[in-house]
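Please read the following briefing beside the sequence and the model.

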Amino acid sequence: MNATLELDVLSVVLLIFAIALASRSLQGKPSNRWYILAAVTLLIVIGTELFAYRVDDIGVSSQVAPHRITNVLGFGLSPIVCYFLFRYISHTKYQQISKWLFLPFSINGVLSILSYFNGWYFSVDPLNVYRRGPFFALATPIVGAAIQIISPPILTLWPGIVLSLLLFYLFLQEQYYAFDVLTGLRNRLTFMRDLSDLQRICKGPTTILVCDVNELKKDTYGHTSGDDLLVHAGGLLERCFRGVGKAYRIGGDEFAVISTKGEPLEIERSLSLLESQIKLYNKNKSVPLSLATGWSWCESCGGNLFNTYVATDNNMYDTKKKMKQGRR
């Protein structure tokens, strides 16, 4: 078995492993079906390459037609992997855009079929000798195509894509567990980990801010409106503290920001901006947004950052209590 065949067989094993991983959480994460389709399509493409090795005997005229058809399938299907990955990343978003992606994929499919006759992507001559066509680079990823053109004996294109596909899934899964599904902010697990890391390595000042959405637990407006409030609260917090600190959703209706920007003046400016943005948001809104905030600043976060977090939480609840008393 040559090196290329060994790489392709390894790629098949990796793809089956990736499909098994994605299938395990398919019920809880329906978007995984697009990743599985990408992996299965790539598995078919690898299969066409493996089959091509069986029908590439030079001088065997009976193998010319299956050799050409195999390459048509490989070139025609390979870009579809990108489409399925796009759908996996965007899921319900950009569905209108995803429909337009069929245009270049359809063109590629037509060019792949025409290459059977005119050799644009590839050619298999009457002696069953395979050659890359003048537009070969258009049908394959640029970097992989460059490697193939510079070093024709080294066929690492598809194994490299397979490995990238597997790593891509693992990376997204890690991101999935680090971020809150509803708001897109970092979650409580990430918040506690970042606090621990800062306490261990940070020598400078740190500010911690905690926010709580008022009146949300009363469920006055229903779950859908409650979710909308949380999404908007998280979005406003992320925008107003961008460049100042990291925003997190650390509980059902509780958010936090960690800032290492030195002077607490930056926090005060961001809070002022947040207040004005909330007022702007509440105009013409039947379900108003109200936040109770509290924050604390420590000059040196080493060793006492969790104490600062506790003090921040207490400050937030004091603010919340005062706001309730003011509404009576």
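Leucine 10 has its place in helix α1, residues 3–24, where helices are DSSP runs of H or I with at least four residues, strands are runs of E with at least two, and both are numbered from the N terminus. This is a predicted model, in which local features need pLDDT of at least 70 and side-chain atom pairs count only at pLDDT 80 or more, while totals for chains, interfaces and linings use all residues. Residues are numbered from 1 along each chain as its sequence is written, and side-chain values use heavy atoms, with hydrogens and water left out.

**Surface around leucine 10**
- Leucine 10 counts as partly exposed because its relative accessibility is 46%, the class between buried (under 20% relative accessible area) and exposed (over 50%), with a 1.4 Å probe and protein chains only.

**Cysteines**
- The count of disulfides, defined as pairs of cysteine sulfur atoms within 2.5 Å, comes to 0.
- The sulfur of cysteine 211 lies 9.9 Å from the closest cysteine sulfur, that of cysteine 240, which is too far for a bond.
- Cysteine 211 is buried at a relative accessible area of 0%, and cysteine 240 also counts as buried, at 6% relative accessibility.

**Whole protein**
- The protein contains 11 helices and 6 strands, and 41% of its 328 residues count as buried.
- Among contacts (heavy atoms within 4.5 Å) between residues at least 6 apart in sequence, 67% join residues at least 24 apart.
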